[in-house]
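Welcome, and thanks for taking a look.

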Amino acid sequence: MINDMISDMLTKIRNANLAKHQIVQVPATKITRNIIKVLQQEGFVYEFEEIESDFKNQILVSLKYKGKNKMPIITELKRISKPGLKVYASHKELPKVLGGIGIAIISTSKGIMTDKTARQFGLGGEVLCYIW
């Protein structure tokens with residue numbers, strides 16, 4: 001049984017990125033699906049597809065690479081808010097990852113979104129992870 005689905009998903013994506021895999025399979029939950037949607041909108045992930053099976057649903061995520069050397073688009077994934085220590089920020093305190101180069105994924109009352117979008121709507125929330 002996995003307690004932290006977000007950490008599990010980020011670790012699977014990080015490992016697949018390091019091994020230069022084209023596709024990675026992550027558990028399908030509401031929160032992982034929404035985080036992957038944000039990653040796709042921001043250009044970190046090529047596409048994703050949900051697969052239903054008898055035991056558990058999975059999401060196939062196509063990772064993005066650039067150049068002939070297959071350099072990963074995602075340089076780093078860092079989990080911020082953990083089950084034992086939740087990290088919250090108001091819209092004024094939302095972090096800027098690497099001065100705006102990366103994104104912070106925030107869980108707000110209006111759904112999961114980037115720090116930039118949350119600032120535009122004037123929303124704060126739980127800081128889930130940083131990606132650059």
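What share of the contacts in the protein with a separation of 6 or more comes from residues 24 or more positions apart? Such pairs account for 59% of them, where contact means heavy atoms within 4.5 Å. Please keep in mind that this is a predicted model, in which local features need pLDDT of at least 70, side-chain atom pairs count only at pLDDT 80 or more, and totals for chains, interfaces and linings use all residues. Residues are numbered from 1 along each chain as its sequence is written, and side-chain values use heavy atoms, leaving out hydrogens and water.

**Fold and dimensions**
- The protein has 3 helices and 10 strands, taken as DSSP runs (helices H or I, at least four residues; strands E, at least two) and numbered from the N terminus.
- In order from the N terminus, the elements are α-β-α-β-β-β-β-β-β-β-β-α-β.
- The C-alpha atoms fill a box of roughly 40 × 40 × 25 Å along the principal axes.

**Interior**
- Of the 132 residues, 39% are buried, meaning under 20% relative accessible area with a 1.4 Å probe, protein chains only.

- Beyond four places away in sequence, I131 touches residues including L39, F44, I74 and I105.

Conventions:
Buried < 20%, exposed > 50% of the residue type's maximum accessible area, 1.4 Å probe, protein only.
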